[in-house]
Amino acid sequence: MAQAWYFSDLEYGSNELELQRAAIKSGEHVTLLDDVVATGGTALAGVDLVKGAGAEVDLFLGVLDLPHLGGSDRIKESDVPFAAVIER
């Protein structure tokens with residue numbers, strides 16, 4: 001199969017992420033970037049896809065973090081370093 005998929009239900013709808021298997025190789029180191037980190041559902045789905053491909057997530061970077069919604073804490077609790085450009 002050329003792609004890997006991740007499906008999840010979020011608080012406000014559903015989520016589907018897709019990763020081409022050839023995009024990341026086992027043992028590679030990856031930084032993930034998301035525009036807004038709210039509850040962390042999409043972020044953790046991305047982490048699961050990358051780890052499922054055998055790679056390591058060195059950093060999850062959010063442009064805007066909404067820490068009162070708990071997403072950045074959930075990312076940190078999954079042993080993935082987290083940083084944000086802006087916190088609101």
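Guide: A residue counts as buried when its relative accessible area is under 20%, as exposed when the area is over 50%, and as partly exposed in between. Please keep in mind that the model is predicted.

Visitor: Is Val36 buried, exposed or partly exposed?
Guide: Val36 lies in strand S3, and its relative accessible area is 36%.

Visitor: In what order do the elements of the chain run?
Guide: The chain has two helices and five strands. Read from the N terminus on, these elements follow one another as β-β-β-α-β-α-β.

Visitor: In which sense do S4 and S5 pair, and what is the hand of the crossover between them?
Guide: S4 and S5 are joined over five bridges, and they pair in the parallel sense. One of the residues bridged here is Asp65, whose bridge partner in S5 is Glu87. Between the two strands the chain passes through helix H2, residues 71-77, and this β-α-β crossover is right-handed.

Visitor: How many aromatic pairs are there, and what kind of pair do Phe60 and Phe82 form?
Guide: The count comes to one aromatic pair. Phe60 and Phe82 have their ring centres 6.4 Å apart, with 15° between the planes; because planes under 30 degrees apart count as stacked, the pair is stacked.

Visitor: Which parts of the chain does this pair tie together?
Guide: Both Phe60 and Phe82 are buried. Phe60 lies in residues 56-65 and Phe82 in residues 82-87, so the pair ties together parts that are 22 residues apart in sequence, namely strands S4 and S5.

Visitor: Which element supplies the largest share of the largest nonpolar core?
Guide: This core holds 16 residues, of which Leu32, Val50, Phe60 and Ile75 touch the most other members. Strand S3 (29-37), helix H1 (41-52) and S4 each supply at least two residues. The largest share, five residues, comes from H1.

Visitor: Which residues does Ile75 touch, again without those up to four places away in sequence?
Guide: Ile75 is among the core residues that touch the most other members. With residues up to four places away in sequence not counted, the residues that Ile75 touches are Val37, Ala43, Leu44, Phe60, Val80 and Phe82.

Visitor: Is Ser72 buried or exposed?
Guide: Ser72 has its place in helix H2, and, not counting residues up to four places away in sequence, Ser72 touches Val37, Asp65, Pro67 and Phe82. The relative accessibility of Ser72 is 3%, and the cut-off for this class is under 20%. Ser72 therefore counts as buried.

Visitor: What value is phi of Asp79 near?
Guide: Asp79 has its place in the loop between H2 and S5, where Asp79 is exposed, with a relative accessible area of 69%. Most residues other than glycine have a negative phi. Asp79 is a residue other than glycine with a positive phi, and the value is near 65°.

Definitions and conventions:
Residues numbered from 1 in each chain as written. Predicted model: local features only at pLDDT ≥ 70, side-chain atom pairs only at ≥ 80, totals over all residues. Heavy atoms only, no water. Phe/Tyr/Trp six-rings, centres within 6.5 Å; stacked < 30°, edge-to-face > 60°. Helix = DSSP H or I, 4+ residues; strand = E, 2+ residues; numbered from the N terminus. Buried < 20%, exposed > 50% of the residue type's maximum accessible area, 1.4 Å probe, protein only. Pairing = 2+ DSSP bridges. Right-handed = clockwise from strand over helix to strand, strands pointing away. Core = buried A, V, L, I, M, F, W, Y, C linked by side-chain atoms within 4.5 Å. Contact = heavy atoms within 4.5 Å.
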